Amino acid sequence: MQQYPLAPRDATRTDAPNRITAILADVAVLLGVLTLLYVTARVGSGAFVSFVPPVDVPEVSLDPANLPYYAARSTLRMFIALVASLIFSFIYGYIAAKSARAERVLIPLLDILQSVPVLGFLSITVTGFIALFPGSLLGLELASIFAIFTGQVWNMTFSFYQSLKAIPRELDEAVTLYRLPRTQRFFQLEVPASTIGMLWNAMMSFGGGWFFVSASEAISVLNQEYTLPGLGSYVAVAIAAEDLQALGLAILTMAIVIILVDQLFWRPLVAWADKFKLERSSSADAPQSWVLNIIRASRLPRMLSAAFAPLTDAISTTLARIFPARPPRPPRTNQATTDWVFNGGLILVILVLSWYATTFIAREINLAEVVQVILMGVVTMLRVFALLIMSTVIWVPIGVAIGFNPRLSQLAQPIVLFLASFPANFLFPFVTLFFIATGFSFNIGSMFLMALGAQWYILFNSIAGAMSVPSDLREMTRSMGVRGWQLWRQLIIPAIFGSWVTGGITATGGAWNASIVAEIVSWGDTTLTAFGLGEYIAVATEIGDWPRIVLGVGMMCVFVVAMNRIMWKPLYDLAERRFKLA
Amino acid sequence: MTMQTADVLIMAQDVSKAFPLPEGNGTFTVLERINLSVCTDEVIALLGRSGSGKSTLLRILAGLIPPTSGTVTSSGKPVVGANPDVAMVFQSFALLPWATVQENVELGLKAQGVPRAERAARALKAIDMVGLDGFESAYPRELSGGMQQRVGFARAFVMEPKVLFMDEPFSALDVLTAENLRGEIDMLWQEDSFPADSILIVTHNIEEAVLLADRVIILGANPGHIRGEVKIDLPRPRERETERFKQLVDYIYTAMTNPQVEVVSPARRGTTGKLNPFPPLPMVRAGNMSGLLELIVERGGKEDLPYLGQLTNMSTDELLPIIDAAVLLGFATVEQGDIQVTEVGRAFAEADIEQSKALFRQQVLAHVPLIVTIQQKLQEKSNRAVRADLFLDMLEEYYPEEAALHQFETAVDWGRYAELFEYDATERRLTRDS
């Protein structure tokens, strides 16, 4: 017939590696799995100790020998939250994508949930979870996990929903025509098609999650000090004890943990997920991971999957029987009336909830204070704007310079990703000390604290934006002698505008959240406060003043949603319409 | 293969399909009263231009889309949901990129709950049949386009369907690969062991239809309807060079470029709803039209259509709309498979840019109601500006949203070329050229 130029990859790969490599790989995989199981069991048991505040609370000691244990506790929380986020994303995204009616509620709701300041809710969730598990630390654990979960789940859900919506039509038709049962459709088409998007979003969210885990481990709620053994509470104790050395060690530990998780967990996943790309051609530089290479060299995974094949087959057949292929949808009848009822009901629910919240707040708070809180919101918003401008002016030129240099950007990207996931609140004490020493106004200074974490999103996206500028365009401007401000105005700014907007949305969202911990900081017995909505929420949370918590958090939601709608949405549309590099 | 009175496998009776127009403006009819049957041992080609609803018809017969009215039966039973008698080969191959060749081929078998060992055996046999032996564990992205489509065929073959559906299966491949694969499928069809009883292929390639089919069913557009069928009475394998082959291709070409010509059996054209004051414009850039006319004028002002396709290296789907547009504007006429440039057309092609724009303006205002309407609205306005939405709303009374947008874009392109008006895409506003 004809000559086939390509040899199948597996034919050249499977039998080649020699025996010793395979045995070594087997041993490595086995040891790795056993270690993981042991550490998880050992660390996880710490979550079930007794907890009866205020007499019986876990101690956090500053002995550096405890650091690995604390780090493991924090990391375990992160992973439990990640699994919870994954499950939630699948369910919520699936329903939103499959039901047109649910979609109309779930997607705008997701937009709002995304804007809610997670830390403002800690007080509510902590009291709730503690009440659920009286006498056990589990309640506090779950509250912390819940805080991480709410910080990372929304964009994963969005990603899954969008992937489901973007499945190529003919793939969908092929699967329909061959009448795949719903479970097979889910695992063979829908999950694989969404894997890469989900993975990148999970990775970014996980990075942001370190901030929430450390902020949620040591909080004072309702006049109670709650500490949960972990890296975050270690830092909190170090701050109270004014122990700079312990602080330094905690930062070092945090850095090591982030790098380990990246190397042992995310890299292998990214390299493995490369096969889920929807593009038809193969790319030249597929991501690599040494861990994945070891797992692939080992024969254990293949042996296990072969051994379990009958079992998985049986499960698959059973599931197929329970969830057969979706019967065809009946032709759409006129739904105008039912839609009207549905929309009306929705508006009613919103009105009732708003009314309930308003009366709850009005019982204790007068109008003057509400005006005061609005003013605080404006002040915090000004800080957010200022830090956005500041980060843009500083980081965009640097990001563009890095992005235009391929060697430099390869080097810089993982570093910036690392910086973005490093919890900024670990660095707060150093900046605080500087403010205390110099007497610098904290009303301005708190803005720098908020920028500490947020700025990296601007840098990261500037690099990505600059990298995506086609080299043709850059060569063209060079040959036409375009340089300086003209180059920025006509090429660089339009070309990276979309990336900047993406970075800006993330950065400002993060900054609002950070304001709750950045507008009030302490070192030992000294406490610095700044006038703003974040400080208002933090204080209300600490003393357990419910009406003020509801007012503060609600106000922040309004500000964030308004900022997204009034400023970012039009900018985003503009970027899509005018400045898209096809 | 023989054309005796064979069993009917799939039958469509009075099938119509309409999609709702935006904002409750009624419906847009894509297919109207289609009657069609697929019998055993025959290859049917559905031939039509874009907009004739041929892919929609295929999907209705496959049970992927429900018809608005009419019935589809398969093996005597009404089709509800995916038609179990059908397997389909897709234009874009539709392979799961994360599954190996074998896993892709096993997809339908797994859905039926066929045990692992049997699944593998049947899949390997199908893979062997399409000449991909040894590639079972490769991933689609490691294969060339032609080999990927072979996997698509294997996946359909393994189901042993009663009717094999093909939706433009060769149009995403380069010319040589398509030729090669088409030949192989034709060879397989002539053997007794072909894994399906019949084939239904959708195509816009006239030669492909004549090469493969026993019956070519020609669809007309706006709304899609069956204009008639042409029986291909050539022995297999078919030779392109024979007189009869050329004759059939020429005949179909003429039929497709002249919507008013009747194809063998008279075609019914029902009108639905309001009369459309804006007859559809072919989606063609003014510059392409002028380029093609120049080419024909250079070659003496008259050219054979199939040859023109080869000369410009354009598919029928790309070439025919340009010719339609030229005919619409009075620049050319089409007769018996030839295109003839008119006097105005010749002047338009040969004049300098200012003159040719003036000629274009004159013809557009004489033949395109939509542009005349735009022109009038602009003259009524003292500020010489009108929002695009006004015209889009007007068009959406007769076209679905996307089609309305295409109509508008074409009108804007032509109007700009004619220097009648300007369009600001950011403000979405039309302004009069001063």
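Which residues in H2(A) meet which residues in H3(A)? From H2(A) come A:Val39, A:Thr40, A:Val43 and A:Gly44, and from H3(A) come A:Ala72, A:Arg73 and A:Leu76. This is a predicted model.

**The helix pair in chain A**

Helix H2 of chain A covers residues 19-44, and helix H3 of chain A covers residues 67-98. Where they pack, their axes lie 10 Å apart. The angle is about 95 degrees. Angles of 65 to 115 degrees count as roughly perpendicular, so H2(A) and H3(A) are roughly perpendicular to each other. By class, their contact holds four nonpolar, two polar and one charged residues.

**Chain A overall**

What is the secondary structure of chain A? It comes to 22 helices and four strands. Chain A has a radius of gyration of 26 Å, close to the 25 Å that the globule rule gives for 582 residues, so it is as compact as a globular protein of that length. Along the principal axes, its C-alpha atoms fill a box of roughly 85 × 60 × 60 Å. Of the 582 residues in chain A, 35% are buried. Take the contacts in chain A with a separation of 6 or more: residues 24 or more positions apart account for 80% of them.

**Domains of chain B**

Chain B is divided into domain 1 (8-257) and domain 2 (286-432). Taken over C-alpha atoms, the centres of these two domains are 34 Å apart. In chain B, 17 residues of domain 1 are in contact with 15 residues of domain 2. Which helix gives the most to the domain 1 side of this contact? Helix H7 of chain B, residues 243-257, does, with six residues.

**Contact between the chains**

The contact takes 32 residues from chain B and 34 residues from chain A. On the chain B side, strand E6 (86-89) and helix H2 (101-111) each supply at least two residues. H2(B) gives the most to that side, with four residues.

Notes. Residues numbered from 1 in each chain as written. Chains lettered and ligands numbered in written order. Predicted model: local features only at pLDDT ≥ 70, side-chain atom pairs only at ≥ 80, totals over all residues. Contact = placed C-beta atoms within 7 Å. Rg over C-alpha atoms; globule rule 2.2 N^0.38 Å. Buried ≥ 20, exposed ≤ 12 C-beta atoms within 10 Å, placed from the backbone. Domains from an automatic or database assignment. Axes fitted to C-alpha atoms, helices over the stretch in contact; angles between N-to-C directions. Parallel < 35°, antiparallel > 145°, perpendicular 65-115°, else oblique. Nonpolar A, V, L, I, M, F, W, Y, C, P; charged D, E, K, R; others polar.
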